[in-house]
Amino acid sequence: MKPAVILYKKLPDDLYARLAEQCDVTEVSNLSPESQQQHAAAFRQAEGLLGSGGKVNGELLANMPNLRVCSSVSVGYDNFDVAALNARHVVLMHTPTVLTETVADTMMALVLSTARRVPELDAWVKAGHWQKSIGPAQFGIDVHHKTLGILGMGRIGMALAQRAHFGFGMKILYNARREHEEAQSRFGAQRCELKELLQQSDFVCISLPLTDETHHLIGAAELELMKPDAVLINAGRGPVVDEKALIAALQAGKLHAAGLDVFEQEPVPADSPLLSLPNVVTLPHIGSATHETRYGMMQDAVENLIAALGGNVDKNCVNPQALK
Ligand SMILES: NC(=O)C1=CN([C@@H]2O[C@H](COP(=O)(O)OP(=O)(O)OC[C@H]3O[C@@H](n4cnc5c(N)ncnc54)[C@H](O)[C@@H]3O)[C@@H](O)[C@H]2O)C=CC1
Ligand SMILES: O=C(O)C(=O)CO
């Protein structure tokens with residue numbers, strides 16, 4: 001008999017067919033309590049769960065007594081209660097690597113667009129303001145040969161460092177618990193304390209996961225340490241930055257700009273002051289959102305689920321110890 005799975009994300013036809021060949025699939029629109037109630041029997045039976053977004057916590061697990069494998073279409077897994085999964089011996093699979101280069105491209109796009117004010121000036125031209133030669137009011141700041149500080153020197157941080165160092169001749173700083181030998185040998189990257197990184201970087205780029213330790217890692221005191229013409233880029237998770245403190249710093253003119261792909265609340269509320277600050281570039285959490293990469297993530301998530309249901313957690317497993 002095929003294992004029963006709950007699918008809470010639309011898949012392309014070929015990937016759905018691949019999943020359905022191996023599993024008995026019930027498709028639901030999301031993991032809301034209403035959806036769990038509506039499909040109670042399917043949730044109760046399911047051994048697998050595949051999708052993205054939505055909280056996977058003790059309450060959901062209580063409705064899924066047969067669950068063995070969660071497969072997330074994402075690398076970040078802060079929406080999963082891993083301790084609760086471990087306690088129930090449920091393994092969590094995710095999709096690192098396949099999205100790394102695309103997210104680093106997004107971060108570089110934020111670096112360039114904040115520094116050179118691309119969206120702001122695009123809107124300015126389209127609004128008919130380009131009536132004569134531009135002047136200092138339209139100038140930006142250089143990116144090349146500046147200092148880029150990375151918080152989260154993992155897969156995405158490394159791919160960003162590669163672009164910044166080789167493409168733009170930038171000096172790379174990073175903050176980490178341990179020396180990153182590869183970052184040092186490939187990019188001459190220097191490890192430093194958070195304080196030093198904030199004081200020295202022209203661009204502070206966040207590609208950190210959200211954990212208890214990283215929650216509000218960047219608050220008022222940290223923003224105060226940054227150079228007045230520095231730029232903050234966040235593509236990790238919104239709550240790594242205290243958004244109220246960021247808004248206050250931007251309103252007080254303490255930073256050149258911010259480039260944000262992630263927010264404390266997503267979608268970002270329409271009345272957020274971030275949306276009316278001209279020096280803030282906002283993106284709707286598109287870090288990995290290209291056709292190619294999103295397809296690759298879904299493909300990996302399907303294969304991860306099938307492999308893990310078959311007892312193979314060699315690749316892309318967050319908590320292989322849960323099997324023990
Ligand atoms: N904006 C978007 O669409 C996307 C956002 N992300 C976010 O990026 C994060 C990173 O992804 P990867 O690079 O693949 O993960 P990774 O695990 O390879 O890298 C994360 C790095 O952060 C470091 N780190 C963790 N806590 C730290 C702390 N307190 N201080 C200093 N360093 C710390 C880790 O040691 C690791 O080197 C994901 O967890 C996710 O939240 C990932 C993909 C897309
Ligand atoms: O994979 C992730 O963690 C994302 O945020 C979306 O790609």
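# A guided tour of the model

Begin by selecting Thr97, which sits in the loop between strand 5 (91-93) and helix 6 (100-115); helices (H or I, at least four residues) and strands (E, at least two) are DSSP runs, numbered from the N terminus. The phi of Thr97 is near 75°, a positive value in a residue other than glycine. Most residues other than glycine have a negative phi, and most peptide bonds are trans.

Before going on, note that this is a predicted model, in which local features need pLDDT of at least 70, side-chain atom pairs count only at pLDDT 80 or more, and totals for chains, interfaces and linings use all residues. Residues are numbered from 1 along each chain as its sequence is written, chains are lettered from A and ligands numbered from 1 in the order in which they are written, and side-chain values use heavy atoms, with hydrogens and water left out.

Next, show the 7 strands that form an open sheet in the order 8-7-6-9-10-11-12, with parallel pairing; two strands pair if DSSP finds at least two bridges between them. Strand 8 (190-191) and strand 12 (280-282) stand at the edges with a single partner strand each, so one side of each has no neighbour in the sheet. Now select residues 231-234, which are strand 10, together with residues 257-260, which are strand 11: these strands run parallel and are joined by 4 bridges. Within this pair, Asn234 has Leu260 of strand 11 as its bridge partner.

From strand 11, move to Pro267, which is found in the loop between strand 11 and strand 12. The peptide bond from Glu266 to Pro267 is cis, and its omega is near -10°.

**Ligand 1**

Select ligand 1 and the 24 residues around it, of which Arg155, Ile156, Arg177, Ala235 and Asp261 come nearest; a residue counts as near if one of its heavy atoms lies within 4 Å. Which atoms of ligand 1 lie by Arg177 and by His285? A polar side-chain atom of Arg177 lies 2.8 Å from a nitrogen atom of ligand 1, while an N or O atom in the side chain of His285 is 3.2 Å from an oxygen atom of ligand 1. Both are polar contacts, the term for a pair of N or O atoms within 3.5 Å; within protein, one must be able to donate a hydrogen and the other to accept it, and residues adjacent in sequence count only if both atoms are side-chain atoms. Taken alone, ligand 1 exposes 870 Å², and the protein buries 84% of that; accessible areas come from the Shrake-Rupley method with a 1.4 Å probe, and for residues only the protein chains shown count as cover.

**Ligand 2**

Then select ligand 2, around which you will find Ser74, Val75, Gly76, Leu99, Arg237, His285, Ser288 and Met297. An oxygen atom of ligand 2 lies 2.5 Å from a polar side-chain atom of Ser288, and for Arg237 the distance from a polar side-chain atom to an oxygen atom of ligand 2 is 2.7 Å. Val75 takes part through its backbone, where an N or O atom lies 2.8 Å from an oxygen atom of ligand 2. Taken alone, ligand 2 exposes 230 Å², of which the protein buries 87%. The shell around ligand 2 divides into 3 nonpolar, 4 polar and 1 charged residues, where Ala, Val, Leu, Ile, Met, Phe, Trp, Tyr, Cys and Pro count as nonpolar, Asp, Glu, Lys and Arg as charged, and the others, Gly among them, as polar.
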